[in-house]
Amino acid sequence: MINTIIFDLGGVLIDWNPRYLFRKIFTSSDEMEHFVTHICTPDWNEEQDAGRLLQEATDELVEKHPEYTDQIRAFYGRWEEMLGGTFNETVQTLKKLKESGQYKLYALTNWSAETFPIALSRYEFLSWFDGIVMSGEEKSRKPFPEFYNILLTRYHINPDNSLFIDDNLRNVKAARALGIATIHLESPKQIETALQEYSVQI
């Protein structure tokens, strides 16, 4: 029986996308796509999620791609403009789960320690969790098993009674390998139906 539900944040509860910013900066959509997939790549951003300093990462990338100096510096200089709001379906579901009092609720997130305070100040629902394990503080991240185990050990969570929700299939597979039940959330609208399949009362 599920008594613990673990949420990813970006892509599940929070709508974060670099394109929200770079559509304002680039006049060509092709050039914007090239930039977010080949210059300021998801892999590069995940290094900061795992604890690398934003300034260090920015300076190194500027040195490699000086022709994109302004755009690279905008990535973290205007980071808040990448926040597009929240996914209301999942936030409302989180609220119902919290109000039910039947489940322990945790967040396991890949997020830079330097930008996470912005999210904490902006999104009240982050205070609803019984605990948050954030990659930038732990210097590890999904999908590495040790990152999941930090959460399990710190909060005495039994994987057999836990359910993990993430929009990234790579991260879902890693949780599954540790014996945690999972939901690969491809659309926020699927959240309540997916939870009901695990007999989670909403």
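Which residue forms a salt bridge with Asp 8, and how far apart are the closest N and O atoms? In this predicted model, the partner of Asp 8 is Lys 142, and the closest N and O atoms of the two residues are 2.8 Å apart. The pair ties together distant parts of the chain, since Asp 8 sits in the loop between β1 (4–7) and β2 (14–16) while Lys 142 sits in the loop between α8 (135–138) and α9 (145–154), 134 residues apart. Both Asp 8 and Lys 142 are buried, and together with Asp 166 they are linked in a network of salt bridges.

**Overall fold**

The protein contains eleven helices and seven strands. Its radius of gyration is 18 Å, close to the 17 Å that the globule rule gives for 202 residues, so the protein is as compact as a globular protein of that length. The C-alpha trace spans about 55 × 30 × 30 Å along the principal axes. Of the 202 residues, 47% count as buried, and among contacts between residues at least 6 apart in sequence, 68% join residues at least 24 apart.

**Salt bridges**

Side chains of opposite charge can pair when their charged atoms come close. Searching the whole structure gives 14 salt bridges, and the table includes three of them.

| Salt bridge | Closest N and O atoms |
|---|---|
| Asp 8 and Lys 142 | 2.8 Å |
| Arg 19 and Glu 33 | 2.7 Å |
| Glu 138 and Arg 154 | 2.9 Å |

Arg 19 and Glu 33 form a salt bridge, and this pair links helix α1 (residues 19–25), where Arg 19 lies, to helix α2 (residues 29–39), where Glu 33 lies, across a separation of 14 residues. Arg 19 counts as partly exposed because its relative accessibility is 22%, and Glu 33 is also partly exposed, with a relative accessible area of 29%. The salt bridge between Glu 138 and Arg 154 joins helix α8 to helix α9, its two residues being 16 residues apart. Arg 154, at a relative accessible area of 40%, is partly exposed.

In soluble globular proteins, nonpolar side chains tend to be buried together. The largest nonpolar core here has 51 residues, of which Ile 5, Phe 7, Leu 13 and Phe 22 touch the most other members. Apart from that core lies another, of 13 residues, which includes Ile 6, Leu 108, Tyr 148 and Ala 175.

Phe 22 belongs to helix α1 and is buried, with a relative accessible area of 0%. Beyond residues up to four places away in sequence, Phe 22 touches Met 32, Phe 35, Val 36, Gln 71, Ala 74, Phe 75 and Met 82. One of these, Phe 75, is 53 residues from Phe 22 along the chain, yet the C-alpha atoms of the two residues are separated by 8.5 Å.

Leu 13, when its neighbours within four places in sequence are left aside, is in contact with Phe 7, Asp 8, Thr 86, Phe 87, Thr 90, Val 91, Leu 94, Phe 125 and Phe 129.

Thr 90 is buried, its relative accessible area being 0%, and its side chain reaches the backbone oxygen of Phe 87 at 2.9 Å. With neighbours within four places in sequence set aside, Thr 90 is in contact with Val 12, Leu 13, Leu 185, Pro 188 and Ile 191. By contrast, the C-alpha atoms of Thr 90 and Thr 69, which are 21 residues apart along the chain, are separated by 37 Å.

**Helix α10 and its ends**

In helix α10 (residues 169–177), the residues Asn 171, Val 172, Ala 174 and Ala 175 are buried. Seen down the axis of α10, these buried residues fall within an arc of 160°, so they line one face of the helix. They pack against α9, β6 (162–166) and β7 (181–184).

At the N-terminal end, Asn 168 caps α10, with a side-chain oxygen lying 2.9 Å from the backbone nitrogen of Arg 170. After α10 comes Gly 179, whose phi is positive, near 85°.

How values were computed
Residues numbered from 1 in each chain as written. Predicted model: local features only at pLDDT ≥ 70, side-chain atom pairs only at ≥ 80, totals over all residues. Heavy atoms only, no water. Salt bridge = Lys/Arg side-chain N within 4 Å of Asp/Glu carboxyl O. Helix = DSSP H or I, 4+ residues; strand = E, 2+ residues; numbered from the N terminus. Buried < 20%, exposed > 50% of the residue type's maximum accessible area, 1.4 Å probe, protein only. Arc of directions from axis to C-beta. Contact = heavy atoms within 4.5 Å. Polar contact = N/O pair within 3.5 Å; in protein donor to acceptor, adjacent residues only side chain to side chain. Core = buried A, V, L, I, M, F, W, Y, C linked by side-chain atoms within 4.5 Å. Rg over C-alpha atoms; globule rule 2.2 N^0.38 Å.
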